[in-house]
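Subject: Structure handover

Hello,

Here is the structure for you to take over.

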Amino acid sequence: MPKSGFVALIGRPNAGKSTLLNWLLGEKIAMVSHKAQATRKRLYAIVMHREDQIIFIDTPGLHEKERLLNKFMLEEALKAIGDCDLVLFLAPVTDDIKHYERFLELSKGRPHILVLTKIDLVDNAKLLAKIAEYQKYQDRFLELVPVSVKKNIGKEDLLDSIVKHLPEHPYYYDPELLTTENIRDIYKELIREAIFENVSDEIPYESDVIIEKIEESSTLDKVYAMIIVEKPSQKGIIIGKKGETIKRIGRDARRLLEEFSGKKIFLNLYVVVKKGWTKSKKELENIGYVF
Ligand SMILES: Nc1nc2c(ncn2[C@@H]2O[C@H](COP(=O)(O)OP(=O)(O)OP(=O)(O)O)[C@@H](O)[C@H]2O)c(=O)[nH]1
Ligand SMILES: [Mg+2]
């Protein structure tokens, strides 16, 4: 009997969860940004490690904000903690230990592996000091595994540690499958990444993408997508002078979509103001953020 189970990636915004997911999967399906609060919804990816199957659940970073969209995001992370066989708590090596302490309060004794991320950012002495600091909680975590995606360190150790703690269970999914997400949701996330990269201030947090239509063929996907924003001024900024910004967003998004699909992409983007969408349950549900 192989091992198979669900593993939630949990941590504060910007901890490196989506980057870790893409790295373990060997495919970029999750959006990544140097700006925090990038991921909004759970995303499932399936990684075969030798004979065993790990289903990773990427989640929004743990954070507290009043807005309904942020409450949805926190709920997504809490659901993943509740639904999984094992949690990976991601702590950037430069982080204060208090983020982990908060997770311990919240997670009510869920079995977890502590993953120290971004270890390329510090020297060996600092890494060892950080590991020593976490040792006071060694009876709380199953293992502590240091990794760096940037330097490609720790992948096999992490996968070995994970399967050690998974239950014996028949595969949940076809071992050939990479993700349970549909193409629409992956395209949406990659277009959001291009928005995060090209505009600043509050716009990344007050915009989203709705894929209206995809016309698929074997070599070309035609993608029609609407960018929604909260305010008319944000629409102006996204479009930019003579349409320069939306052109840049389109170019970056098209590249991400082409890398993922291996096809040529035709991308049609337009911007619509939907005042209050981040605060309206109905609007959030229309976008696919169902509580
Ligand atoms: N130096 C370094 N940077 C990293 C590493 N892993 C991730 N990052 C960077 O950390 C930033 C945040 O990465 P994400 O994967 O988007 O973080 P996240 O935890 O998914 O963030 P949210 O979705 O906002 O919760 C990006 O700029 C990544 O390039 C690493 O191993 N080393
Ligand atoms: Mg993320």
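This is a predicted model: local features need pLDDT of at least 70, side-chain atom pairs count only at pLDDT 80 or more; totals for chains, interfaces and linings use all residues.

Pockets

The largest pocket holds about 410 Å³ of space. Its lining counts 27 residues. Nearest the centre of this pocket are N14, A15, G16, T19 and K118. Helix α1 (residues 17-25) is the top contributor to the lining, giving four residues. By type, the lining splits into eleven nonpolar, eleven polar and five charged residues.

The second largest pocket comes in at about 210 Å³. Among the residues lining it are G11, R12, H63, E64 and F89. Here helix α3 (residues 98-107) gives the most, again with four residues. H99, R102, F103 and L106 are also in this lining.

Sheet

Three strands form an open sheet in the order β7-β8-β9, and the pairing is mixed. β7 (207-216) and β9 (264-273) are the edge strands; each has a single partner, so one side of each lacks a neighbour in the sheet. On average, neighbouring strands are turned by 20° against each other, direction ignored.

β7 and β8 (residues 220-229) run antiparallel, joined by nine bridges. One residue pair to look at: K213 has Y224 in β8 as its bridge partner.

Two helices lie across strands of this sheet. Helix α8 (residues 244-261) lies across β8 and β9, running at about 135° to β9.

Best regards

Notes. Residues are numbered from 1 along each chain as its sequence is written. Chains are lettered from A and ligands numbered from 1 in the order in which they are written. Side-chain values use heavy atoms; hydrogens and water are left out. On a 1 Å grid over the protein atoms alone, a cavity is a set of points where a 1.4 Å probe fits but cannot get out, and a pocket is an open set with protein on both sides within 12 Å along at least five of seven lines; lining residues have an atom within 4 Å of a point. Grid points are joined across faces, edges and corners, and a volume is the space filled by probe spheres set on the points. Ala, Val, Leu, Ile, Met, Phe, Trp, Tyr, Cys and Pro count as nonpolar, Asp, Glu, Lys and Arg as charged, and the others, Gly among them, as polar. Two strands pair if DSSP finds at least two bridges between them. Axes are lines fitted to C-alpha atoms, for helices over the stretch in contact, and angles run from 0 to 180 degrees between N-to-C directions. Contact means heavy atoms within 4.5 Å.
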